[in-house]
Amino acid sequence: MLLLGVCFCSAAGAIDYKSAASPAVLYDGPSDKSRPMYILARGTPVELVVAVEKWAKVRDQAGEILWIERRLLSDKRTVIVTVPTVQVRAEARESASVVFEAVKDVVLEWQESSPPGWVKVRHADGQGGFVRINQVWGG
């Protein structure tokens, strides 16, 4: 019986990431009459905290909890570079050749989290490869 409870908690605790489908205003409450905080750029990842009716409560990269209209979120997953420069490698190992480099705040399309500790990503120009999970946020 205890095992069932542990499995349920684990599944319920899964993190769900979304991205902005287009530039979107983030508010301090679930209403367009709430105070606008800032504009989220298209493609920027956010963590979905809860969805209610036409609004979603999200956490941004800085940890701030804000509200966005649900229609402005996409299921397309992205990650954002959190270190000054990240080397995107041809394979998921430190000794692999560098395909390209991306600087802080560049958004990359998430493709998969495999093997553990790595994320397979693709740049908007089509180049792809692997980055360490601790160098990006959103995946």
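Where does Leu108 lie, is Leu108 buried or exposed, and which residues does Leu108 touch?

Reply: The model is predicted. I start with the chain as a whole and then move to the strand.

The protein chain has 139 residues, of which 32% count as buried. Its secondary structure consists of one helix and 14 strands. Among contacts with a separation of 6 or more, 48% join residues 24 or more positions apart. The chain exposes about 8100 Å², and carbon and sulfur atoms supply 54% of that area.

Now the residue itself. Leu108 belongs to strand S11, which covers residues 107-112. Leu108 counts as buried because its relative accessibility is 0%, and the cut-off for buried is under 20%. Leaving aside residues up to four places away in sequence, Leu108 touches Thr78, Val79, Val81, Phe100, Val121, Arg122 and His123. One of these, Phe100, falls within strand S10, which spans 98-103. Two others, Val121 and Arg122, fall within strand S12, which spans 118-122. A further relation in that direction is with Ala124: the residue is 16 positions from Leu108 along the chain, and the two C-alpha atoms are separated by 7.0 Å.

Next, the loops on the two sides of S11. The loop between S10 and S11 holds Asp105. Phi of Asp105 is near 80°, a positive value in a residue other than glycine. Asp105 counts as partly exposed because its relative accessibility is 45%. The peptide bond leading from Ser114 to Pro115 is cis, with omega near -5°.

Glu53 is placed in the loop between strand S4 (45-52) and strand S5 (55-59). Glu53 also has a positive phi, near 45°, and is not a glycine. With a relative accessible area of 77%, Glu53 is exposed, because the cut-off for exposed is over 50%.

Glu69 is buried, because its relative accessible area is 16%. Apart from residues up to four places away in sequence, Glu69 touches Lys54 and Trp55. Trp55 is a residue of S5.

The largest pocket has a volume of about 260 Å³. It is lined by 15 residues, and the closest to its centre are Arg42, Gly43, Lys76, Thr78 and Val107. Thr78 is also one of the residues that Leu108 touches, and Val107 lies in S11. Strand S1 (16-20) and S11 each supply at least two residues of the lining. The largest share, three residues, comes from S11. By residue class, the lining divides into five nonpolar, six polar and four charged.

To put the part together: S11 contains Leu108, which is buried at 0% relative accessibility, and S11 also supplies three residues to the lining of the largest pocket.

Methods:
Residues numbered from 1 in each chain as written. Predicted model: local features only at pLDDT ≥ 70, side-chain atom pairs only at ≥ 80, totals over all residues. Heavy atoms only, no water. Helix = DSSP H or I, 4+ residues; strand = E, 2+ residues; numbered from the N terminus. Buried < 20%, exposed > 50% of the residue type's maximum accessible area, 1.4 Å probe, protein only. Contact = heavy atoms within 4.5 Å. Areas by Shrake-Rupley, 256 points an atom, 1.4 Å probe, with all protein chains shown as cover. 1 Å grid on protein atoms, 1.4 Å probe; cavity = no way out; pocket = protein on both sides within 12 Å on 5 of 7 lines; lining within 4 Å. Points joined across faces, edges and corners; volume = space filled by probe spheres on them. Nonpolar A, V, L, I, M, F, W, Y, C, P; charged D, E, K, R; others polar.
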